[in-house]
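Student: I'd like to go through this model piece by piece. Can we start with a helix and then move on to strands and cavities?

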Amino acid sequence: MVNDAPSIQAFYKPEVRHPNPANPPPSPAKPGDGFTEEELSDAMDPLHRKWNPEREYEERSISHLVPGPRAVTFVGRVVNLKTILGKDKKQPKARGFQAVIVRDDEGAASIKLYFAQTPYPLILGQLLTIWTVFVSDTSKSDVPHNPSVLVHANLFPGRVTSDHVMLHTNASSSDSICRTPLEYKKGHPLPGLMTLDSYLSSGHDGVSGAKILVCVKSIGGKKKISRKDGGGESELAEILLFDHTGVVRLTVWNEMIESAKSWKPGETVLLVSNPGYREGLNGKGNLGIVGSTMVDVEPEGSDAEWLRKYAVGLTRKESLCLKVEEGRWDIEAAEYGVNRMLFTLAELDNWVRSDGNQTFSGFISVTILEMNLVSIHRRNMLMCAECCGVPIFSNCPCTPCRNCSTPLTLSLNPRIIGLLADETGCIATGKLVWSPRAWEKFFGRSVEEISAMTGEQIRLFEQRVIFMRMHLVVGWDGEGGLGRLCVLGVMM
């Protein structure tokens with residue numbers, strides 16, 4: 001007889017184990033592509049990858065290079081550059097070549113750098129590392145005679161497997177390499193160095209090895225002219241250079257213009273050796289870069305440091321668009337504080353001359369004797385700015401630079417305010433540095449509203465404020481080295 005009674009297991013439901021979402025089962029490992037992290041990084045950023053040539057090269061300075069077959073590598077900065085297009089008998093596969101002079105701290109070398117399609121993006125002052133297996137003497141060079149050029153080399157990277165050139169783009173790590181001028185000894189004057197006035201008057205006439213140390217004053221816009229030989233158009237730019245004795249114009253052509261774009265007016269110092277000389281239509285001498293010229297960008301040395309300091313002081317003295325750092329003074333305390341100092345112009349002059357490194361603020365009470373608002377507005381010079389070392393004027397608050405097309409934000413022209421005087425002295429036109437807050441207090445409106453004023457409104461405002469007595473909140477910044485009296489506020 002079959003027992004149909006249910007078993008005890010029938011009264012219990014089997015437990016089903018659910019997977020825990022917090023601890024999912026490990027996924028199967030994905031197969032890799034066979035590349036390491038370093039290889040992937042080099043592929044994504046090829047300019048920062050480590051590169052080593054296949055053969056061994058002996059590292060040498062340019063002065064220790066010996067003409068003949070030998071695998072050598074050397075470092076130098078570009079001091080001259082010229083691009084020539086056309087077929088060459090020695091390298092028929094090349095589209096052209098670049099005649100380059102590079103130098104280190106001990107000597108210079110001329111390089112004939114062939115390219116297949118596009119010229120290399122070289123600029124003056126750029127650091128290069130060169131690998132080659134053959135160095136010749138200067139008789140094989142196309143560069144005119146230059147005593148500083150010791151050897152010559154022909155390079156065709158990419159086609160000649162033993163020729164390589166590296167363009168250093170990281171300026172921070174290589175900025176101090178090859179900056180010392182040739183023949184310079186610390187504590188001694190640089191041989192052949194002359195002032196700009198001496199060179200223009202007589203130094204250009206038959207003096208070999210002449211050197212001039214100059215600072216960039218302004219960079220002109222790019223121009224195109226037609227060549228007289230019918231070879232198409234050429235581009236040029238005119239750059240003003242100065243030292244403590246004079247100013248001269250330097251003309252750069254074609255590929256040299258890219259080098260000038262990185263120069264900063266009032267800051268960049270150039271050491272020009274064997275410059276070209278040409279007398280202009282106005283009878284004044286102009287400089288040029290010829291085949292034997294060497295241009296050192298930002299050289300080191302005591303003379304260069306002195307010129308940099310001189311250029312900073314001169315630029316500050318002549319600039320119209322200096323900016324006020326209002327955070328250096330407590331303007332609210334100067335205007336409404338308990339201790340408020342009222343100076344006459346004579347007292348202020350004596351205080352600054354006795355100790356120009358102090359920082360202070362106070363009041364002066366002056367009368368407006370001259371206003372140039374109407375005349376400046378009619379000449380479209382109400383607002384001003386500086387770019388490429390050239391002053392930019394307009395009646396609009398925003399305008400692009402005529403040379404580099406950089407959009408600029410203009411500030412009010414300080415020459416709007418003419419002669420200011422009190423009982424002890426006067427302040428000449430344009431000698432004060434006005435803050436935007438002071439301009440708004442003076443006009444009673446924002447800078448944008450000032451630029452939108454009509455000619456009749458400008459005339460009525462000038463008539464209203466002429467011969468008016470006003471209190472100016474002024475500050476002197478001795479720590480920042482501005483060297484000018486700043487207007488922080490106006491109380492009419």
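Student: Which residues of helix α9 are buried?

Tutor: First, the ground rules: this is a predicted model, where local features need pLDDT of at least 70, side-chain atom pairs count only at pLDDT 80 or more, and totals for chains, interfaces and linings use all residues. Residues are numbered from 1 along each chain as its sequence is written, and side-chain values use heavy atoms, with hydrogens and water left out. In α9 (residues 436–443), the buried residues are A438, W439, F442 and F443. They cover an arc of only 120° around the axis, so they sit on the same side of α9. The arc is taken from the directions from the helix axis to the C-beta atoms. Buried means under 20% relative accessible area, exposed over 50%, and partly exposed in between, with a 1.4 Å probe and protein chains only. Helices (H or I, at least four residues) and strands (E, at least two) are DSSP runs, numbered from the N terminus.

Student: What comes just after α9?

Tutor: G444, which takes a positive phi of about 75°.

Student: Switching to β18. How many of its residues are buried?

Tutor: 9 of the 9 residues of β18 (residues 360–368) are buried, so the strand is largely enclosed by the rest of the structure. F360, G362, I364, V366 and I368 point one way, while S361, F363, S365 and T367 point the other way.

Student: Which strands does β18 pair with, and in what sense?

Tutor: Pairing here requires that DSSP finds at least two bridges between two strands. With β27 (residues 469–476), β18 pairs in the antiparallel sense over 8 bridges, and S365 stands opposite H471. With β24 (residues 420–421) there are 2 bridges, also antiparallel, and I368 stands opposite L420. With β17 (residues 342–343) there are 2 bridges, and the strands run parallel.

Student: How does the chain get from β17 to β18?

Tutor: Through helix α7 (residues 345–354), in a right-handed β-α-β crossover. Right-handed means that, with the strands pointing away from the viewer, the path from the first strand over the helix to the second runs clockwise.

Student: Now β15. What are its partners?

Tutor: β12 (residues 247–253) is joined to β15 (residues 285–288) by 3 bridges, running parallel, and L250 has L287 as its bridge partner. β14 (residues 276–279) pairs with β15 in the antiparallel sense over 4 bridges, with E279 partnered to G285. The hairpin of β14 and β15 has 5 residues between the strands, and G283 there takes a positive phi near 85°.

Student: And cavities, how many?

Tutor: The count comes to 5 cavities of 30 Å³ or more. On a 1 Å grid over the protein atoms alone, a cavity is a set of points where a 1.4 Å probe fits but cannot get out, and lining residues have an atom within 4 Å of a point. Grid points are joined across faces, edges and corners, and a volume is the space filled by probe spheres set on the points.

Student: How much space is in the largest cavity, and which helix gives the most to its lining?

Tutor: About 80 Å³ lies in the largest cavity. Helix α5 (residues 302–318) gives the most to the lining, with 3 residues. Among the lining residues are P181, Y184, L271 and D303.

Conventions. 1 Å grid on protein atoms, 1.4 Å probe; cavity = no way out; pocket = protein on both sides within 12 Å on 5 of 7 lines; lining within 4 Å.
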